[in-house]
Amino acid sequence: MKIGWWVWHALSMTTIVFLIGSWSRRAAPVGDEFPNRPIQVVVPYAAGGGSDTFVRIVSSGITEDNLLPVPLVILNQDGGIGTIGSREVKNASPDGYKILCHHNAIITAKLAGTVTYGPEAFEPIAMTGEMAMVILVRSDSPFQNLTDLLEAAKEEPNTIRFAANKGAPAFFATLQLQKTVPGAEFTIVSSGGGADRYTKIIGGHLEAGIFSLSEYLDFRRGADAPPDQDVRAIALLSEQRHESIPEVPTATELGSPVLLNNANYWWAPKGTPPEILTFFADLLEKAIQNETVRSELRRIRVDPVFDRGESLSVRIEQTVNQFESVAEQKQMELPNFPLYLGVILAALFLWMLVDSARLSNSMNLPQPQLADPITFVPRPRVAIASLILLATYIQFLGTPWLPFAPLTSMTVILIGGTMLLGGKNRPASHQLIVLAQLGILTGFGIDYAFTELLGSPLPS
């Protein structure tokens, strides 16, 4: 064989040995004592947001008090309204080295049909801090309190535009508010983040909306501001009034017993051993007592409450039941996006088969002779087999028992082998060897690049 073949073979095999060795070192457990390697905390939202800020504050307390003998690595996995990151942890090995911090949206995502799993797919560890939620109107609004707002929604249904992003916890709370006054109906509007909702209320495009207490305290301008340039809280969605706004009554006081607190929960994959759950609960309970942590939580208006064990399970169950009571109404309002996507994919697949058959028939017609003819030979069976392999790869992607690197390598080899073996000529043995090398380099190379070089984990 040519020298180039041996050079390629030597370089590829050296790289393969290095990549597989690195992957094995990361994938294999290191002894029995927990923890003995870095722990990853997945934040299912972008860096700099409220969830990310909260986790970094708690992490600072763990570091300051030297509570953990290994590094705590925060991974921001934004996307899918928090479901990308939650799925990453759901599919992770239940060994305690990858956990999740996520608020009530982990409950509403399932009820909204965004994902097929909810809290039951995880082991709850603890609840560390919650933020009160308030209902705001513009300061010159004719609605002096929540009762006025709901009565107006009853007298003139669907005329009051109420800001609550569909599928979010605030949306379900809004549906509950409507139920407290039979016949009341808001026009619920998804309006992005708090700043966007605030702008639309000031601009007269929305009459009311649900905001966090922190957002309200940041947005309000005070008594000297013109009424049409400021906001006013008309109800607090908590069990009792908050010390920072003692003049604002709770919704329960006003006859609409609806509660909504943005609680920060910590979760582990299903099947995580009880002793590891206890380890984390103890760790978080100590961290939440750190003075720096408590000071920072006060700054961002998060109440440093803590819950664990049976009382935490009861709290989660009550919240699930609360949202489920209006989930059926919610489900009727969302389009069936998975069905639409399935129809589109089926249509594209049918078009591919028809087009392949048309090209195959056209090959039987007389073709103009070219000096150096280049012919295209359609192979529908090869295309279908490759599509099936790709669909199977996507289906198994993220399963804890079939890691990304070997799964990707195997898929590349199988699809490439299908294309080679589907041709007229039998591939040479060295072609199959090169294919195997390329497959392994692709799978383990991508895994190494993202995990080791970029610090961004791929599906387990």
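Q: At what angle do the axes of helix H14 and helix H15 cross?
A: In this predicted model, the axes of H14 (residues 380–396) and H15 (residues 404–421) cross at roughly 175° and come within 9 Å. Helices here are DSSP runs of H or I with at least four residues, strands are E runs of at least two, and both are numbered from the N terminus. The axes are lines fitted to C-alpha atoms, for helices over the stretch in contact, with angles running from 0 to 180 degrees between N-to-C directions.

Q: So are H14 and H15 roughly parallel or antiparallel?
A: H14 and H15 are roughly antiparallel to each other, given that angles over 145 degrees count as roughly antiparallel, those under 35 as roughly parallel, 65 to 115 as roughly perpendicular and the rest as oblique.

Q: Which residues meet there?
A: From H14, Val382, Ala385, Ser386, Leu389, Leu390, Tyr393 and Phe396 meet Phe404, Leu407, Thr408, Thr411, Leu414, Ile415, Thr418 and Met419 of H15, where contact means heavy atoms within 4.5 Å. The residues of this contact divide into eleven nonpolar, four polar and no charged; Ala, Val, Leu, Ile, Met, Phe, Trp, Tyr, Cys and Pro count as nonpolar, Asp, Glu, Lys and Arg as charged, and the others, Gly among them, as polar.

Q: What should I keep in mind about numbering and confidence?
A: Residues are numbered from 1 along each chain as its sequence is written, and side-chain values use heavy atoms, with hydrogens and water left out. Local features need pLDDT of at least 70 and side-chain atom pairs count only at pLDDT 80 or more, while totals for chains, interfaces and linings use all residues.

Q: Switching topic, which residues cluster with Phe34?
A: Phe34, Tyr97, Phe279 and Phe280 form one aromatic cluster, with rings of Phe, Tyr and Trp (its six-membered ring) taken as paired if their centres lie within 6.5 Å, and planes under 30 degrees apart counted as stacked, over 60 as edge-to-face and the rest as tilted.

Q: What lies over the face of Tyr97?
A: Arg37 does, at 3.8 Å from the ring centre, and Lys90 lies over the face of Tyr117 at 5.1 Å; the rule asks for NZ of Lys or CZ of Arg within 6 Å of the ring centre and within 35 degrees of the ring normal.

Q: And what kind of peptide bond joins Phe34 and Pro35?
A: That bond is cis, with omega about -5°, and Pro35 lies in the loop between helix H1 (3–27) and strand E1 (39–43). Most peptide bonds are trans, and most residues other than glycine have a negative phi.

Q: Where is Asn66, and what is its phi?
A: Asn66 is in the loop between helix H2 (50–64) and strand E2 (72–76), and its phi is near 55°, a positive value in a residue other than glycine. At 65% relative accessibility Asn66 counts as exposed, the classes being buried under 20% relative accessible area, exposed over 50% and partly exposed in between, with a 1.4 Å probe and protein chains only.

Q: Is Ile160 buried or exposed?
A: Ile160 counts as buried, at 3% relative accessibility, and is placed in the loop between helix H5 (146–155) and strand E5 (161–163). Not counting residues up to four places away in sequence, Ile160 touches Phe143, Leu149, Ala152, Ala153, Phe186, Thr187 and Glu207.
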